[in-house]
Amino acid sequence: MEITRRDFLKKSGMVAGIAALGSEVVPISRVVSEVEAAVLGGEAMIPSTCVMCVNFCGIRVSRVNGVIRQIYGNPESPYNVGHMCPKGQSGIYDAYNPYRVKAPLKRTNPNKGPGEDPKWKEISWDEAFSIIAEKLNKIKNDDPRKLIWLHGHGKYLVQDKFPKALMKAFGTPNVVHRTTICEVARHTADELTWGYHAFLPDLDNCKYFLNFGGNYMEAGQWARWLDRKTLDAMENGMKNIVIEPRLSNSAAKADEWIPIKPATDMVFLLAMCNELITNGYVDEEFLITYTNAPNLVGSDGKFLRDGNGKELVWDRTSSSAKPYEGDVEPALTGSYTVDGKTYRTAFEVFREEVMDVTPEYAEGVCGVPADTIRRVAMEFGEEANIGATIVKDGHILRYRPVSIYTFRGLSTHEYGTQINRARWMVQMLVGNVDAVGGVQLHSAYKKPEFFDVAKCEYPPNRVDLQESVYFPQARHNVAQQVAYTLLDPSAYGLEYEPEMLIAYASNRVFSAPVLDQQIEAYKKPYTVVIDTILTEHADMADIVLPNKSYLECWHWAPTRFTVDTKHDAIRQPVVNTYNMPYQDFDIFMELAKRVGILDKFIEKINKDWKTDLAPGRKYTAEEMVAAIAKAKGKSLEYFKEHGLSKKVLTTEEIYLKGVEAKFKGAGKPKMQFYCENLVGTAEKVKQVVAENNITNLDISNIDMINAPLPKKEHAFPTGHEAPSDYDLYLITYKRMYLNQSGTALNPMLRHVAHDSDENFVLMNKATAAKKGIKDGDEVNVESRAGKIKARAKLIEGIRPDTVGISYHYGHWSTSMPDYAKKGVNPNWIIELHSDMISGMTNFNDTKVKVVKA
Ligand SMILES: Nc1nc2c(c(=O)[nH]1)N[C@H]1C(S)=C(S)[C@@H](COP(=O)(O)OP(=O)(O)OC[C@H]3O[C@@H](n4cnc5c(=O)[nH]c(N)nc54)[C@H](O)[C@@H]3O)O[C@H]1N2
Ligand SMILES: Nc1nc2c(c(=O)[nH]1)N[C@H]1C(S)=C(S)[C@@H](COP(=O)(O)OP(=O)(O)OC[C@H]3O[C@@H](n4cnc5c(=O)[nH]c(N)nc54)[C@H](O)[C@@H]3O)O[C@H]1N2
Ligand code: SF4
Ligand SMILES: [Mo]
């Protein structure tokens, strides 16, 4: 239901106020904003969900006489409570962008690659569908695995369950999302430690907060909640320390910025563990009752088990090795002899390992003074209040008001999983997990299979080699790998040669590193791109299908939970700027019909969403949204009126359903302080390599993935071994006013938003002076992977040994105007050494030299 002006006035009870406000009101608060929209003859205020970035803020779109006039934050949203950002407001131009693709296009120039004009020919929708369906039918009859589906942003538009269902019905396993070029190492560390991923700091109750490169004042996936909550918490006395090589906006707003050398956070975190243990800041009760830290570990790194395969601890009461059951009292420290062999507890193994990672040692590696590391560790330990409890709503809860946050800062490294594991080690030591003021887990132990040993499959089934011998532990799609497999499928043992690719809201030839190889690879398959603009990937497509913008679509939208709320939300159409007949979901339905898999597709949707759609016909996206709403027990009308349906969580749901319910006490599974399931992976890989004569997998460094505990060696990524004349570390980051590569053509963001016309190489003034480089000079930035030209920007807010180049810039699509081509894309020069555990791309491990051009 759209809210008319009259309805709105009635509902808000603000009729009297409006007359007084008049029509000159500046929208400073959300209430005034709505009032203003109404006063200015607003016909409709349509609630929906933003997707100008992946924060999914609740929005209300004011439409006046059929034209979008303004976008406001939806105050009903428990996530952004009426706030939003400039990107979200510029969403108007996403719909009205003159550069949008408006009709299906067919390539007439067979040559593909940068600078090759596709010589597009407009074709009808029917012709486009016919061409695509003919190809698909051929592949389906031959070997459906030859079809690859890529999506990135698309997951957040229509939701990835739909493309997955479509591809499942088609018969290909090759649906590849982008998580390994995004943040996957963080997820993988979570999954290895507590069986699922995603967490938030309990900022309402936190007193001491460490943020390792979570750039949420500029980017971030929980940004509109984190930025607000952090600032509120600081006003309430929370100390906020940001640790990262660059003075990001997040660091600029913190109490303290600690500039750390890129990719070396590991030793900072391990030195913190050392200090915490040495000074007795250890929550022994937490480690014993919730984690596997007391498990007995043999010299082979494996747990001691009984005849039934049960892991054993040292029972202090009976002085014998027993499973942690009944009234067994596990010892946390020490080494014990069982059947003539010596075993140490997992905690003991870790303790001994970190004892040589002193703050002084860490200083030499990460460049942060030992005194600073020591002080942070002591403050963290002290503020943790180990042993304290607090009563909330009648529940006695553990109280540990210290928390650690991160996003891509710790993840996008060759040893990203292990660095993120170290973040959990610090937190497990003080027992802040699911404690009041600590770190709140999302769905603890939802997938126990994350604790299983690696699959190591060969030959691989999927083009991204997920869970194969190449990425044995990768449970998420390995986005950057697809290109390499495409270039030489048989080299990876793939039993089929991919022939066709559909890229739905994904610009992989721009977003993954080593761009020349990505481009070379994606020339090969017959390619269909579904997008709103003609991106770099579209530039290489054979057919482009235009998509409606998010302000023109029905979607069951993804949402962001917070510590104390969760909600469901929709998108609903506000306009249809170019009278487009189909949105993404309609395209899927039409293709399914033409390939004869419509019923299978519907069956899978019903299974995934618990809907009850009858087979035999196509459904519209609105019908789909209505069906999901119904399955959730709410009417479509409700969602049309509010945009969302929310739930505020009880104290019990927040603090007692996670680790307390899943891991606490005897006889329960345990958080993995020690990841025994990683032990033996290297041997398994070596075995599969030998058995199959695999020659394109470098196993010289493979023992690094056998690590059940994070270790100091993980602070030395391969990329840092570059010759000494590559004297600077390169990092990349996002900017506030642009989102990934998809906002390149948004006129408001590119022209109007201050300072986002072009990117630059951030350099420390002192370093630049030594190299004779002045502010604004053109410089060449060279790595072992390539060379780019860019403009230098001299600042003091970056380490002298580090340079930073933001993402988003340097487009080359032949269909883009010159303004979108300004700046550079760092992915031309980033070296690829993927994390063997998670498959993560190491965006922040490359060394470069910078010289005046
Ligand atoms: N405005 C905007 N918002 C966005 C996006 C966008 O493109 N634009 N993209 C969205 C997406 S998909 C994502 S994944 C998130 C990403 O959100 P974040 O991960 O929060 O943002 P990035 O800028 O990618 O983060 C990289 C940060 O890590 C720091 N850093 C680099 N190397 C290191 C290191 O070795 N150690 C430490 N401690 N820090 C390091 C960089 O200085 C930078 O601040 O943002 C989302 N939100
Ligand atoms: N150097 C460097 N590289 C990076 C990053 C970095 O910080 N530095 N960030 C990384 C991260 S975190 C990520 S997640 C990846 C992202 O990488 P990808 O997922 O490969 O790329 P995006 O740029 O997000 O592509 C989104 C596409 O969706 C299209 N699109 C937008 N709206 C719509 C719509 O309504 N319908 C349709 N059909 N299409 C739409 C856009 O035009 C764009 O082409 O990039 C990674 N690459
Ligand atoms: S933070 Fe992202 S989702 Fe929220 S308003 Fe800004 S662009 Fe939209
Ligand atoms: Mo991302």
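A505 is found in the loop between strand 21 (500–504) and helix 20; helices (H or I, at least four residues) and strands (E, at least two) are DSSP runs, numbered from the N terminus. Phi of A505 is near 50°, a positive value in a residue that is not glycine. Most residues other than glycine have a negative phi, and most peptide bonds are trans.

Some conventions before I go on. This is a predicted model, in which local features need pLDDT of at least 70 and side-chain atom pairs count only at pLDDT 80 or more, while totals for chains, interfaces and linings use all residues. Residues are numbered from 1 along each chain as its sequence is written, chains are lettered from A and ligands numbered from 1 in the order in which they are written, and side-chain values use heavy atoms, with hydrogens and water left out.

Next, the backbone at P459. The peptide bond from Y458 to P459 is cis, with omega near -5°. P459 lies in the loop between strand 20 and helix 19. K446 is placed in the loop between strand 20 (439–441) and helix 19 (481–487).

Now ligand 1. Its surroundings comprise 33 residues, and the closest are N215, E244, A263, L738 and Q740; a residue is near a molecule if one of its heavy atoms lies within 4 Å of it. For polar contacts with a ligand, I mean a pair of N or O atoms within 3.5 Å. A backbone N or O atom of G220 is 2.8 Å from an oxygen atom of ligand 1. For I243, a backbone N or O atom lies 2.9 Å from a nitrogen atom of ligand 1. From the side chain of N739, a polar atom lies 3.2 Å from an oxygen atom of ligand 1. On its own, ligand 1 has 920 Å² of accessible area, and the protein covers 100% of that; areas come from the Shrake-Rupley method with a 1.4 Å probe. Helix 17 (408–411) and strand 27 (728–733) are the elements that give two or more residues to the shell around ligand 1.

What surrounds ligand 2? There are 30 residues, and the closest are S511, D531, N547, S741 and N827. An N or O atom in the side chain of R178 lies 2.9 Å from an oxygen atom of ligand 2; for R508, the corresponding distance to an oxygen atom of ligand 2 is 3.4 Å. The side chain of T732 has an N or O atom 2.8 Å from a nitrogen atom of ligand 2. Taken alone, ligand 2 exposes 920 Å², of which the protein buries 97%. Helix 20 (508–511) and strand 22 (526–531) each supply at least two residues of the shell around ligand 2.

Note on methods
A polar contact is a pair of N or O atoms within 3.5 Å; within protein, one must be able to donate a hydrogen and the other to accept it, and residues adjacent in sequence count only if both atoms are side-chain atoms.
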